[in-house]
Amino acid sequence: MTTTRIPFLDLVTPHKELETELLEIVKKALHSAGFIGGPLVENFEKEFASFCGTKYCVGVNSGTDALRFAFMAAGVQTGDVIVTVPHTFIATTEAISQAGATIAFVDIDESTYTMDPVRLREYLEMHCSFDSKSGKLIETSSQRPVVGIVPVHLYGQTADMDPIMELAERYKLWVIEDACQAHGAEYFSKRENRWLKAGSIGIAAAFSFYPGKNLGACGEAGATTTNDEALAKRMKMIRDHGQAKKYYHDIEGYNGRLDSIQAGILSVKLRHLAKWNEQRRALAHSFHDLLAEAKDFVAIPREASWTKGVYHLYVVRVEDREALQAYLAEAGIGTGIHYPIPLHLQKAYAHLNYKIGDFPVTERVAAEIVSLPMFPQLEKEQQKEVAARVLEFIGLRVGSSR
Ligand SMILES: Cc1ncc(COP(=O)(O)O)c(C=O)c1O
């Protein structure tokens, strides 16, 4: 077996670099026995809200719960319909189902891999109608009320939020952003004539701090950001067994708190996030240049004019991606696929009765994508080698098909 020389993701180097500071956090928690809540959590929440340009941040134990609790705090009722994309990690839709809602999919845009506002408009115009009695938007096929939209800022690029927000306003729906892969990404809003941070656009947004994320904990962690004080308060109750005061439970909640050691670790790492994101952007731009000569065979990520991406992943598209993966693996280069099976075709969602062909863009994309190594500490020489091997693979393919 070939050993991996250039990993898909290096999580050891950044932790070695920050070891002293990170161990100080663990000591602080050990010496104060402050493991749950307290100043480490409150400080991180303040810092992350400020980083995202929101008033509030509520730390929770994962990105999945950040989404799930945000849906509950937004008032989702059993059977409500929430619209999202089939090209995302299953946590997006697990959170929808687990909040008691029903999933409706709309396809993605082929160049940005995020929610296509045109497909969203089609769904709202052609598959839903306003009920004059309740004033609610009703999905025609299921007769259920549509309540919200969840755009996913996939791979670190934001979805095109202006048209999505306009549709949400027109149809009286809320928007909750899945920003789990987009810490620090920015969106230029023409409506507001300014750059907005991912996580500050909808009524709330969910972030994951899973270790491999642009801002990752040393364990599980997540957070919801919002400008809505009441929503933040509800989130805090939901994450803590429904209590606003110890042992006074206004509702049934969950054990979904962010622990203090993870919060402290996240505060240390947050100080480096802007620099790490810049390093990712610089690496992405070099990849664009290095792969340019094969542009007819390798589709590089397109950064739309309205987004400043943070390249959580560097995803290319090629015709025979399994062969490319095998070729790179043989050369000791790690890759990933995010994600190989569109959600509407997963066994878990067979009951939704979607079929092949329902979301053609997602299906085409899912069959051709490969994520190349991308992390701030990727060295120039390593990157050149990855690109050289991709070009070599393309050269062999093109040569053999002549
Ligand atoms: C798009 C997306 N949504 C939601 C999640 C869920 O986050 P977590 O793994 O922290 O629960 C992730 C992370 O894996 C993700 O990438």
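Helix H4 (residues 63–73) is mostly covered, with nine of its eleven residues buried, where buried means under 20% relative accessible area, exposed over 50% and partly exposed in between (1.4 Å probe, protein chains only). The model is predicted, so that local features need pLDDT of at least 70 and side-chain atom pairs count only at pLDDT 80 or more, while totals for chains, interfaces and linings use all residues. Residues are numbered from 1 along each chain as its sequence is written, and side-chain values use heavy atoms, with hydrogens and water left out.

Among the buried residues of H4 are Asp65, Arg68 and Phe71.

Five bridges join S1 to strand S11, and the two run antiparallel; Cys57 has Thr225 in S11 as its bridge partner. Helices (H or I, at least four residues) and strands (E, at least two) are DSSP runs, numbered from the N terminus, and two strands pair if DSSP finds at least two bridges between them.

| Element | Residues |
|---|---|
| Helix H2 | 19–32 |
| Helix H4 | 63–73 |
| Strand S11 | 222–226 |

Leu30, which lies in helix H2, is exposed, with a relative accessible area of 53%.
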